[in-house]
Amino acid sequence: MENSLVLLLLLAPFVGFLFNVFFGKKVGKSSSGAIGTIAVAVSFVISIYFFMQLNTTGKPIEVKLFDWIQIGKLKVDFGILLDQLSLLWLLFVTGIGSLIHLYSISYMHEDDNMHKFFAYLNLFIFFMITLVVGSNLLVMFIGWEGVGLCSYLLIGFWYKNQDYNDAAKKAFIMNRIGDLGFLIGIFILASMCGSLDFTAMKTHFLSIYFNTPQNVFLTSIAALCLFIGATGKSAQLPLYTWLPDAMAGPTPVSALIHAATMVTAGIFMITRMNFLFDLTPDVQNIIAIVGAITALVAASIGLLQNDIKKVLAYSTVSQLGLMFLALGLGAYNVAVFHVITHAFFKACLFLGSGSVIHALHGEQDMRKMGGLRKAMPITFATMLISTLAIAGIFPFAGFWSKDEILMVAFENNKALWIVGSIASIMTAFYMFRLMYLTFFRDFRGTEEQKHHLHESPSLITLPLIILAALATVGGLINLPKPIGNGWLNHFLEPVLLSKHKEESVFEGNAMMLMAIALTGAIIGIAWAYSKYIKQGFVPKQDSEITGFSKTIYNKYYVDEVYTSLIVKPINALSNFFRTTLEPALGNVVYGFGTVVNGLGNQGKKLQSGSIGLYLFAFVIGVLAIVSYLFLAQ
């Protein structure tokens with residue numbers, strides 16, 4: 001029974017994928033969307049069942065599906081592990097995934113390839129579940145590569161637009177860079193531990209003493225390589241530029257893959273391997289510093305973006321940076337807390353932006369919006385709640401999780417706390433800038449758009465309402481003492497060896513830090529209100545932006561630097577190979593062929609068909625052999 005449910009949890013989305021691939025077009029758009037949604041909902045219900053079972057018994061569920069690989073002493077099984085960490089991830093992957101599938105039924109109903117879209121979404125969920133529930137690094141890597149493939153397919157879903165194809169290729173290639181690091185880390189760990197099973201590796205690293213410099217060095221290199229893999233998947237410096245471009249995909253893709261699930265895979269992997277990273281404090285310092293810088297850089301870019309989805313994309317990169325800051329400081333439980341709350345409010349914000357884009361028939365430039373509050377009250381209210389959450393306003397979910405990250409940073413590194421706090425103030429500013437430009441003052445679009453303004457259908461607004469409710473109360477899962485009992489921290493204790501000490505809100509500097517964080521958020525909101533409501537400022541056209549603002553608006557020209565230093569030299573090298581080296585090598589190969597052909601033509605002349613000549617050659621040959629034997633003796 002248990003094994004069957006585990007298989008159903010894993011395979012239900014894959015069955016939905018197969019159905020939509022082979023029969024989706026025949027059964028029609030509504031049916032293909034319903035089947036795809038039900039497939040993910042089945043996995044969600046089973047996840048709830050296993051979560052309740054684990055919450056009662058406290059015993060993780062391990063299922064070995066089959067023997068997979070055996071090379072010498074290395075043995076890898078295809079196994080499933082449902083413990084506290086994987087089940088938490090499953091709940092929001094399948095739960096939010098179900099809502100996004102439901103949303104997509106309405107959002108994509110005019111697309112002729114809707115069945116294909118749902119097939120790709122289902123395949124993504126299948127691979128994400130595989131990533132989360134794998135009992136070893138190799139099974140995780142299958143899911144890891146699978147979500148990268150699905151990301152490519154979904155970003156470039158509207159493939160007739162070449163820019164979208166380029167964005168898909170960019171995401172795929174940049175993820176492969178990180179994945180190479182991940183693979184090297186897997187190879188090192190396999191050679192060190194003789195196993196890739198999480199339980200076996202944990203036992204190995206906790207039971208041995210690193211009394212040789214070689215062991216210390218290899219452990220650090222393995223941890224660094226895994227982190228490189230995480231920087232690619234979770235869009236950290238320097239491999240972050242693919243994520244904003246990934247907004248080329250349909251909005252449900254942005255919400256599912258690039259806000260709530262795939263981009264958190266790096267955080268999941270590092271959290272799963274916490275026993276390794278705790279042994280490498282130097283690598284943890286690198287993780288914390290990279291996370292803090294990523295949070296600040298992405299937040300500063302978000303200040304001046306005018307595409308509503310691009311603002312949310314840079315916001316995602318910034319929030320992921322804060323999660324990595326917590327990971328680098330050893331507060332894995334705090335990072336997981338922010339992953340969960342972020343999934344709620346960011347999915348709501350992306351879907352809300354999709355509702356706005358849907359109402360404006362594809363318009364994404366906030367300079368051409370405004371005044372949508374009355375026409376779209378549900379979209380406005382849900383996005384406002386989620387914006388308050390991401391800005392860190394009490395008592396919404398983001399306040400509790402973000403505040404805890406900043407408290408951990410203050411305890412461990414004041415400089416990183418300052419960087420994180422500045423990034424948080426910027427977050428409050430650019431998110432309310434988005435709200436003010438989109439929903440307040442007068443409408444700045446065309447008369448035709450204004451005439452057709454309306455609230456989105458219920459299949460779009462229902463997921464928004466549910467996600468906004470979760471963004472409001474999501475912080476309850478880990479309220480500090482004495483307000484709450486820190487449920488999440490205690491739930492994750494069997495999985496994590498966290499160095500973060502849980503404190504009451506009345507202990508130490510907690511109240512002061514909460515007040516500072518809340519004040520910073522209010523300052524950011526007031527700054528945006530003053531500029532975009534009181535002064536009525538509307539961002540300039542691209543050609544009118546000058547000075548340092550132009551540098552920020554153009555994302556610090558990082559893409560241009562990458563193009564100059566990496567893309568152009570590689571293109572030049574490949575062009576040299578194609579136009580010069582390949583023809584030269586071809587001539588050499590053809591030369592060998594010409595020589596052999598010439599020798600063959602000369603050899604053919606000996607085959608004249610004359611029996612007399614053949615007998616003469618035979619006699620000469622026999623005489624030569626006899627002469628050789630005579631002379632040799």
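Angles under 35 degrees count as roughly parallel, over 145 as roughly antiparallel, 65 to 115 as roughly perpendicular and the rest as oblique. This is a predicted model, where local features need pLDDT of at least 70, side-chain atom pairs count only at pLDDT 80 or more, and totals for chains, interfaces and linings use all residues. Residues are numbered from 1 along each chain as its sequence is written, and side-chain values use heavy atoms, leaving out hydrogens and water.

**View A. Helices α16 and α17 pack together.** Helices here are DSSP runs (H or I, at least four residues), numbered from the N terminus. Helix α16 (residues 377–391) and α17 pack at about 15 degrees with axes 6 Å apart; axes are lines fitted to C-alpha atoms over the stretch in contact, and angles run from 0 to 180 degrees between N-to-C directions. α16 and α17 are therefore roughly parallel to each other. Their crossing is right-handed, a term used when the near helix is turned clockwise from the far one by less than a right angle. Ala389, Ile390 and Ala391 of α16 meet Ala397, Gly398, Phe399 and Lys402 of α17, where contact means heavy atoms within 4.5 Å. This contact has five nonpolar, one polar and one charged residues (Ala, Val, Leu, Ile, Met, Phe, Trp, Tyr, Cys and Pro count as nonpolar, Asp, Glu, Lys and Arg as charged, and the others, Gly among them, as polar).

**View B. The largest pocket has a volume of about 720 Å³.** On a 1 Å grid over the protein atoms alone, a pocket is an open set of points with protein on both sides within 12 Å along at least five of seven lines, while a cavity is a set where a 1.4 Å probe fits but cannot get out; lining residues have an atom within 4 Å of a point. Of the 27 lining residues, Trp158, Tyr164, Met247, Ala248 and Gln364 are the closest to the centre of the largest pocket. Helix α6 (162–193) gives the most to this lining, with five residues.

**View C. The second largest pocket holds about 540 Å³ of space.** Among its 16 lining residues, Lys170, Ile173, Met174, Tyr562 and Val567 are the closest to its centre. α6 and α24 (558–604) each give two or more residues, and α24 gives the most, with seven.

**View D. The second largest cavity has about 40 Å³ of space.** Its lining is Asp403, Leu406, Met407, Trp417, Ser421, Leu513, Ile516 and Ala517. Helices α17 (397–412), α18 (414–439) and α22 (510–534) each give two or more residues to this lining.

Notes. Points joined across faces, edges and corners; volume = space filled by probe spheres on them.
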